[in-house]
Amino acid sequence: MTVRELTEKLELNILVEGDIDREVTGGYCGDLLSWVMGRAQGGDCWFTVMGNINAIAVSVLADCACIVLCENATLDDDAKNRAEMQGVCVLSSEENAYTLANKLGETI
Amino acid sequence: MNNFKLHFTVPGDDFTRAGEASGSVKKTLKDLGFNPEIIRKVVIALYEAEINLVIHAGGGEIDVEISPESISMVLTDQGPGIPDVALAMKEGYSTAPDNVRSLGFGAGMGLPNIKKYTDEMKIDSTVGVGTTMYLKVITS
């Protein structure tokens, strides 16, 4: 399933389109950046409330398929610019990580 | 392939630029055709070390040497030094201030992550003088 298809199924808002046609192969929930970077797998959809520039760097380095900002957490302007520059897809939802991860689990 | 050498200067206390060195090394390794798992190990370790330079040391220097057999990284700073390296290596131990924690860092995972993702790791640190960290990821 691509990030674009995931966006439709989970009714996510697109904040930065980035590489939206990339394949999603799994999911990871977490807000501590070092923890996430050491454990998220390439191709994961990352559910977090961290919308800062360092989260974008972590997503790139851990090779996540996309970031989903849960509970309408905000994306900083710096982070938005960096995501656009680096082709990182950033999505958002009003739902929490638990609900979204459940839905992801049902779709992949 | 000839050995590749890269050098970066990391400014202190500037979180907007943290990750530039790791991102650049990632791109170089990708362009050179390294295995994605090797690239992941290198960039995770390097990003953690780079963030440490920003948070704790007021910046520093990074030298990376890439050969077909290994990727070696040396990070040097003139920061406060690490009084107890063994304690700093413990998962969950952190001296990061609150403003850094609010950014999502300071979980005490930095040095343990670096150790986990490298094949060799050595820290020389003197309080009041600075720290040099030697890292190596073997490619085969």
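What follows is a short exchange about a predicted model and the terms used for it.

Modeller: Residues count from 1 along each chain as its sequence is written, and chains are lettered from A, ligands numbered from 1, in the order in which they are written. In this predicted model local features need pLDDT of at least 70 and side-chain atom pairs count only at pLDDT 80 or more, while totals for chains, interfaces and linings use all residues.

Biologist: What makes A:Ala79, A:Arg82 and A:Ala83 of helix 4 of chain A buried?

Modeller: A residue is buried if 20 or more other C-beta atoms, placed from the backbone, lie within 10 Å of its own, exposed if 12 or fewer, and partly exposed in between. A:Ala79, A:Arg82 and A:Ala83 are the buried residues of helix 4 (77–86). Helices (H or I, at least four residues) and strands (E, at least two) are DSSP runs, numbered from the N terminus.

Biologist: Why are the buried residues of helix 4 of chain A said to line one face?

Modeller: The arc is taken over the directions from the helix axis to the C-beta atoms. Down the axis of helix 4 of chain A, the buried residues fall within an arc of 100°, so they line one face. A:Asp77 and A:Met85 are exposed on the other side. Cover for the buried residues includes strand 1 (13–16), helix 3 (53–62) and strand 5 (90–92) of chain A.

Biologist: How do you know that the buried residues of helix 5 of chain A line one face?

Modeller: In helix 5 (97–107), A:Ala97, A:Leu100 and A:Leu104 are buried. Their arc is within 70°, so they line one face of the helix. An α-helix has 3.6 residues a turn, so residues three or four places apart point the same way. On the other side of helix 5 of chain A, the exposed residues include A:Tyr98 and A:Glu106.

Biologist: What makes strand 1 and strand 2 of chain B a pair?

Modeller: Strands pair if DSSP finds at least two bridges between them. Eight bridges join strand 1 to strand 2 (59–66) of chain B, so the two are a pair, and they run antiparallel. B:Val10 has B:Gly60 as its bridge partner in strand 2.

Biologist: Why do strand 1 and strand 4 of chain B stand at the edges?

Modeller: The open sheet of chain B has five strands in the order 1-2-3-5-4, with antiparallel pairing. Strand 1 (4–11) and strand 4 (120–126) each have a single partner strand, so one side of each lacks a neighbour in the sheet.

Conventions:
Two residues are in contact if their C-beta atoms, placed from the backbone, lie within 7 Å.
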